[in-house]
Amino acid sequence: MAPDDLHVFSQLSTANISQRITIAYTGAFGVLKHRLKQIFESVESLPDEESESPAFRVHERLTVKYESEKHISLHWRSDPVSDMVSDSVLALVLNISHEIPKVVVESEEATKTEEENNKKAEKVIPALLACDCQCIT
């Protein structure tokens, strides 16, 4: 039975539920869009309307809107597939928020480690070359 026929054959009625969640996000909106394009096949920018903030649609089911410098919002009609898409987008946003500080820390540690390796190489390579030269002569 189709959902539209439900009221004909029973006393039940159907309703559409629109959901919205606002998430704290301080990263660049373009970075979020790029990361979503890596995961989802369909990420389309929505046309800019007057006084509307930037937004895009994911899988033609979920709208991601840039609300302010500190928040984005997700809007979707409730159904099993749209709920899964919204859950995955939410997880991605939260992971991006947590990854940003780690990337900075890791890059600083990587720079220190690289500098230490270069210093060690500067000491070891001449010693190895000197050893080879002494053995040959």
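Setting aside neighbours within four places in sequence, S73 touches R20, I21, T22, T63, V64, K65 and E67. The model that shows these contacts is a predicted one. S73 itself sits in strand β5, which covers residues 71–77. Is S73 buried or exposed? Its relative accessibility is 0%, and because buried means under 20%, S73 counts as buried. The side chain of S73 also takes part in polar contacts. One is with the side chain of E67, at 2.6 Å. Another is with the side chain of H75, at 2.8 Å.

Of the 137 residues, 20% count as buried, and S73 is one of the buried residues. The protein exposes about 10400 Å², and 55% of that area is supplied by carbon and sulfur atoms. Contacts can also be sorted by how far apart the partners are in sequence. Among contacts between residues at least 6 apart, 48% join residues at least 24 apart.

How far can the predicted coordinates be trusted? The average pLDDT of the protein is 81, and 79% of the residues score at least 70. Which elements have the lowest and the highest mean pLDDT? Helix α3, residues 80–136, has the lowest mean, at 72, while β5 has the highest, at 95. Where pLDDT is low, the predicted coordinates should not be read in detail.

Next come the aromatic rings. A pair of aromatic rings is described by the distance of the centres and the angle of the planes. How many aromatic pairs does the protein have? The count comes to two. In the pair of F29 and F56, the ring centres are 5.0 Å apart and the planes stand at 45°, so the pair is tilted. F29 belongs to helix α2 (residues 29–39) and F56 to strand β3 (residues 55–58), so this pair ties together parts that are 27 residues apart in sequence. F29 has a relative accessibility of 15% and counts as buried. F56 is buried too, with a relative accessible area of 1%. Ring pairs link F29, F56 and Y66 into a cluster.

H59 lies in the loop between β3 and β4, where β4 spans residues 62–68. E60 lies in that loop as well, between β3 and β4. H59, at 31% relative accessibility, counts as partly exposed. E60 has a relative accessibility of 58%, and because exposed means over 50%, E60 counts as exposed.

Note on methods:
Residues are numbered from 1 along each chain as its sequence is written. This is a predicted model: local features need pLDDT of at least 70, side-chain atom pairs count only at pLDDT 80 or more; totals for chains, interfaces and linings use all residues. Side-chain values use heavy atoms; hydrogens and water are left out. Helices (H or I, at least four residues) and strands (E, at least two) are DSSP runs, numbered from the N terminus. Buried means under 20% relative accessible area, exposed over 50%, partly exposed in between (1.4 Å probe, protein chains only). A polar contact is a pair of N or O atoms within 3.5 Å; within protein, one must be able to donate a hydrogen and the other to accept it, and residues adjacent in sequence count only if both atoms are side-chain atoms. Contact means heavy atoms within 4.5 Å. pLDDT is the predictor's confidence in each residue, from 0 to 100. Accessible areas come from the Shrake-Rupley method with a 1.4 Å probe; for residues, only the protein chains shown count as cover. Rings of Phe, Tyr and Trp (its six-membered ring) pair if their centres lie within 6.5 Å; planes under 30 degrees apart count as stacked, over 60 as edge-to-face and the rest as tilted.
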